[in-house]
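Hi,

Here is the structure I promised to pass on. Have a look at it first, and my notes on what turned up follow below.

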Amino acid sequence: MQIKLLNYLSVNRTLIRRFWPFGLILLLLSFVYLNSIDNVNTQHGAQCELIETQTCVATLDGREFAGRLLQNPQVEEELQIELIYPSQYDLQQSYIQGINMYMGQTALLNTSIESDAERIVSKNTFFLGACSERNMRWQLVLLFVNAARGDEKRVFFNFETQY
């Protein structure tokens, strides 16, 4: 038993002596690769409460991102929201999720876009399902990306429905 253990240890020492430079090179290459990847500046985001049809403005790094429901939010009705954001940003991701009850993710469907040098005005349609919770809290999650600067902004618009 001791002889087998000693033979096993001596074989492993020989392997370690022969191959440690390759392991070190692999570790260094991994380190260099991971440090060379472009990092996107990530913001934690800003939250804003959408109350009825009032405009809600979230400001991140001096840039304004605004949202406004075009009618009072109701479940099981087609709803529209207007988003206004700086023209140097693209809307990469948008969905609505339940806050106080899991309802999955509901996509925003873009219906029109108007833009100028300063801002983009985007009108979007969405639909909220009903559930057993009569007073629902919802969150619109938006991810805006400025690819030229490697910058991304997250904006969260919260609102409520009752039935």
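Lysine 153 pairs with aspartate 61 in a salt bridge, with 2.6 Å between the closest N and O atoms (the term covers a side-chain nitrogen of Lys or Arg within 4 Å of a carboxyl oxygen of Asp or Glu). This pair ties together distant parts of the chain, 92 residues apart: lysine 153 sits in strand S11 (residues 151-162), while aspartate 61 is in the loop between strand S3 (56-60) and strand S4 (63-69). Strands here are DSSP runs of E with at least two residues, helices are runs of H or I with at least four, and both are numbered from the N terminus.

Before I go on, a caveat: this is a predicted model, where local features need pLDDT of at least 70 and side-chain atom pairs count only at pLDDT 80 or more, while totals for chains, interfaces and linings use all residues. Residues are numbered from 1 along each chain as its sequence is written, and side-chain values use heavy atoms, with hydrogens and water left out.

Is lysine 153 buried or exposed? With a relative accessible area of 1%, lysine 153 is buried, whereas aspartate 61 counts as exposed at 51%. The cut-offs are under 20% for buried and over 50% for exposed, with partly exposed in between (1.4 Å probe, protein chains only). Lysine 153 also meets the side chain of aspartate 151 in a salt bridge, at 3.1 Å from N to O. Aspartate 151 is buried too, with a relative accessible area of 7%.

How many salt bridges does a search of the whole structure find? The search gives 5. One of them joins the side chains of arginine 137 and glutamate 49, at 3.2 Å from N to O. Again the link is between distant parts of the chain, with arginine 137 in strand S10 (residues 135-146) and glutamate 49 in strand S2 (residues 46-49), 88 residues apart. Arginine 137 is partly exposed at 24% relative accessibility, and glutamate 49 is partly exposed at 39%. There is a salt-bridge network here as well, made up of Glu49, Arg137 and Glu160.

On to the strands. S10 runs antiparallel to strand S6 (residues 90-98), and 8 bridges join them (I call strands paired if DSSP finds at least two bridges between them). S6 also pairs with strand S7 (residues 105-107), in the antiparallel sense over 3 bridges. S6 and S7 form a hairpin with 6 residues between them, and glycine 104 in the turn has a positive phi of about 75°.

Buried residues account for 31% of the 163 residues. Of the contacts (heavy atoms within 4.5 Å) between residues at least 6 apart in sequence, 59% join residues at least 24 apart.

Lastly, the surface. The protein exposes about 10,900 Å², and carbon and sulfur atoms supply 53% of that (Shrake-Rupley areas with a 1.4 Å probe; for residues, only the protein chains shown count as cover). Leucine 24, in helix H1 (residues 2-36), is partly exposed with a relative accessible area of 40%.

Cheers
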